[in-house]
Amino acid sequence: MSTNPAILVDKLNVSFADNHVVRDLSFSVASGESYGIVGESGSGKSTVLRVLAGLNRDWSGSIAIEGQAQPKHRDKAFHRNVQMVFQDPYGSLHPKKTVDDTLAEPLAIHGLGDAERRIGRAMSEVGLPTSFRFRFPHQLSGGQRQRVAIARALVLEPSILLLDEPTSALDVSIQAEVLNLLSALRKERRLTYILVSHDLAVVAHMCERLLVMQFGRGVEEMSAATLAARDPKTAYAQQLLTASEGFKRG
Amino acid sequence: MSDTTTARTGWHDWLITNEPASRRQARLGQTYRQWLAFRRNPAAMIGLAIVLLLLLVAAFAPLIAPHDPIAQALDQRLLPPSATYWFGTDSLGRDIFSRVVYGTRVTLVIVLLVVVTVGPIGLLIGCAAGYLGGWVDVVLMRITDVFLAFPRLVLALAFVAALGPGLENAVIAIAFTAWPPYARVARAETLVIRNADYIAAVRLQGASQWRIVWKHVVPMCMPSLIVRSTLDMAGIILTAAGLGFLGLGAQPPIPEWGAMISAGREQIFDQWWVATFPGIAICVVALGFNLLGDGLRDVMDAR
Amino acid sequence: MSDQPLLEVDNLRVNFHTPTGIVRAVRGLSFALGRERLGIVGESGSGKSMTGRAILDLIPHPGEVLADGMRYRGQDLLTMDKRARRKLRGRHISMVMQDPKFSLNPVQTVGQQIAEAYRVHHKASSREAKERSLAMLEAVQIREPARVYELYPHEVSGGMGQRVMIAMMLIAEPDVLIADEPTSALDVTVQLQILKIMDDLVTSRGMGLIFISHDLHLVQSFCDRVIVMYGGKAMETLPAAELADESARARRHPYTLGLLGCLPDLDHPKAELATLKRDPAWLA
């Protein structure tokens, strides 16, 4: 392992037209670490992920992945190394493609042979039985779809996974299964995660450190232990934490 | 549900299974499911029957037609419908029934040629404009607007006038005027599709723009275009008939329905059958394609 | 509760007749609602939303609603004709849905819509309706009611839209409010403000509230009683406080315990989350 952090973001700014959605954001994620970003809607947390993934090119500042500064147009090597899982399992799979098509596509793009073995491996790793291989998305449940989306991200054997609210559209029992799967995969493959979520308990469960964002700024960076001890320093983080505990009368 | 290991028998079960064993079975199963849904729609089934009938009649025209469609018999002019001449004869003594039967071939050729040329052109222009955006979009869509600005028949007339009358030129003219709506539809769909997460996911895999458009956007636009072209066939048939009526489409003695109506217009009050039967044929076929298109829309566009 | 319940539901069933067979969305649910906050929790497909819709006669076409009894203050809802049922809906029983954007008319200002809702059920001049509407907007804690009154639905934020919806539903002063995931699309802080408004209405006006949600924590902290639904059936009905009560664990249904166990918990970190084992016997 090099001493470079897996992800280094420095003074990131993102604007759409006259809307400044991310302001002077800096953070770094060590290799093998799981890093959470929490915030309410409009905090810019998902935008950060899309910029990191190369889906959004309206940014300034600097982004380095494993020591390499990233241009706005990413190359193929970048895409092999950094993959993403989206929030909505109903929208992130092509409705007219079978599981097999979906998993074969990244292999075809990168000209990787041995598709049979790779697809089989990816499916078994995410716990999808082989009988699901030729199903269409409409023949899968939400949790199964999200497993396909994770398998699609893994099939290129990346070292960094960007997770955009991967379980917020799922039932709690399915959420538990998917979170367990993500934890196990990280351990097995020594993956680096950035997990964006609005759910503090999920972030505390999955991540070692987290960043609280509000109105496009990083408000506070803290460890999961600090969060569990309910000891954030800023008022906003404190407020989020209180709100997440549920309703209080009086 | 995944632990049913008992061997399934019968096509139905093989097609409807939730665990297809191959790509082919999955695709066939998908189509079969759509067919099951389609079958429940009586109007669509009538449309399908009419279109199938059209295909059969065209294929077996020589067997069905009792007379030669272009053989003239001047002593048999303008006879009313009878046992020998089911639909009567026209002013040159030709059997109208046989001409209507052979006319299905002309109609089918026009429809197929137009659809084969128009569908892909509209699809590619629309998807490229929608996905690539920017100046590509602006240029392609302004060209589309120019074509859309003229009424279809008038534009087709202008093309035929420039190219000269004839069946091939009529097809080219209709094709030229028919693609813009297809491009519009494809572009509108693409604008929605390109923001979908599954497109973002392929972009993230490093796919080239052409690959994304061709392999991921186009398949999503296909159903609505198939539906649109089926619905459009009625219009194409009517435009072809219109050109034929004006003498700018198929040239005599080719038995084209529009031209046949045109030929019968002088006798419409005295020998009604000359213009009526080809007219009914046009109506029925146009209706058939419309019903079929409606049925397909219900099945394929259901999201 | 000493007085007559506001709403009684006895053996409610909702069936959908599809080409592939009958889908039974709700299979025999019974409960009575008093002047309280009754939570209905469950996962997707548990039938919780269908229950709310069935009470309001809002089940879409291939669906059918059956029950041994469904009474609003003793009036039989099942034998009531469509017109009377419609009158009841909105005036006495209202519903707030998850996404306000789909429930508001995009070409009318929110104020007009609230005033309209009032005038449908009360004889009032337009001036009086406007005054009532402004008061209602204030009651749901909208800071500048006069300004918001003139806004169109697309000009208001999600949280404000939901408040407008609630104002619209409450201006007729219903006795029963059915809230189907009213805050799920909202941020936590906004969520709590909305709950506060509904809570005040229950306490101050004696309204009965059916709060349908997938969020166990929220239901536990907000409701008085909870029905836990799974596969169209009530697994159990319990006081909300007992959801969090460790000492009451032995009395809990295994499904309820399973749901609670799946949730990541700030105070009890675990390496792996428990997963839910579903027992077919629960649906027997």
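In this predicted model, A:Ala224 is in contact with A:Ala204, A:Cys207, A:Glu208, A:Arg209 and A:Leu210, leaving aside its neighbours within four places in sequence. This residue lies in helix H8 of chain A, and H8(A) is one of the helices that supply residues to the side of chain A that touches chain C. The predictor gives the complex an ipTM of 0.90 and a pTM of 0.85.

- A:Ile37 stands 187 residues away from A:Ala224 along the chain, and the C-alpha atoms of the two are separated by 12 Å.

**Contacts between the chains**

- Two pairs of chains touch, and the most contacts are between chains A and C.
- Between these two chains, 25 residues of chain A are in contact with 27 residues of chain C.
- On the side of chain A that touches chain C, helix H6 (172-189), helix H7 (200-206), helix H8 (224-228) and helix H9 (235-244) each supply at least two residues.
- H6(A) gives the largest share of that side, eight residues.
- Sorted by class, the side of chain A that touches chain C holds twelve nonpolar, nine polar and four charged residues.
- The contact of chain A with chain B takes 27 residues from chain A and 24 residues from chain B.
- Helix H2 (76-81), strand S6 (82-85) and helix H3 (99-109) of chain A are the elements that give two or more residues to the side of chain A that touches chain B.
- H3(A) provides the largest share of this side, four residues.
- By class, the side of chain A that touches chain B consists of eleven nonpolar, nine polar and seven charged residues.
- Chain B and chain C do not touch, and their nearest C-alpha atoms are 9 Å apart.

**The largest nonpolar core**

- The largest nonpolar core has 238 residues, of which A:Ala151, A:Leu162, A:Ile194, A:Leu210, B:Val114, B:Ile174 and C:Ala167 touch the most other members.
- Helix H5 (residues 96-132) of chain B gives the most to this core, with 17 residues.
- Apart from neighbours within four places in sequence, A:Ile194 is in contact with A:Ile7, A:Val29, A:Tyr35, A:Ile37, A:Leu49, A:Leu162 and A:Leu163.

**An open sheet in chain A**

- Four strands of chain A form an open sheet in the order S2-S1-S4-S5, with antiparallel pairing.
- Strand S2 (19-29) and strand S5 (68-69) are the edge strands of this sheet, each pairing on one side only.
- S2(A) runs antiparallel to strand S1 (residues 7-16) of chain A, and seven bridges join the two.
- A:Phe16 stands opposite A:Asn19 in S2(A).

**Chain C as a whole**

- Chain C has eleven helices and eleven strands.
- The radius of gyration of chain C is 20 Å, close to the 19 Å that the globule rule gives for 284 residues, so chain C is as compact as a globular protein of that length.
- The C-alpha trace of chain C spans about 60 × 45 × 45 Å along its principal axes.
- Of the 284 residues in chain C, 40% are buried.
- Among the contacts in chain C with a separation of 6 or more, 68% are between residues 24 or more positions apart.
- The average pLDDT of chain C is 88, and 99% of the residues score at least 70.

- Helix H1 (residues 48-55) of chain C is mostly covered, eight of its eight residues being buried; among them are C:Met50, C:Arg53 and C:Ile55.
- Just after H1(C), C:Asp57 takes a positive phi of about 60°.
- Strand S9 (residues 208-213) of chain C is likewise mostly covered, with six of its six residues buried.
- In a regular strand, side chains alternate between the two faces of the sheet.
- In S9(C), C:Gly208, C:Ile210 and C:Ile212 point one way, while C:Leu209, C:Phe211 and C:Ser213 point the other way.
- Strand S3 (residues 37-41) of chain C pairs with S9(C) in the parallel sense over five bridges, and C:Leu38 stands opposite C:Ile210.
- Strand S8 (residues 176-180) of chain C also pairs with S9(C) in the parallel sense over five bridges, and C:Val176 stands opposite C:Gly208.

Methods
Residues numbered from 1 in each chain as written. Chains lettered and ligands numbered in written order. Predicted model: local features only at pLDDT ≥ 70, side-chain atom pairs only at ≥ 80, totals over all residues. Buried ≥ 20, exposed ≤ 12 C-beta atoms within 10 Å, placed from the backbone. Rg over C-alpha atoms; globule rule 2.2 N^0.38 Å. Contact = placed C-beta atoms within 7 Å. Nonpolar A, V, L, I, M, F, W, Y, C, P; charged D, E, K, R; others polar. pLDDT = per-residue confidence, 0-100. Core = buried A, V, L, I, M, F, W, Y, C linked by C-beta atoms within 7 Å. Pairing = 2+ DSSP bridges.
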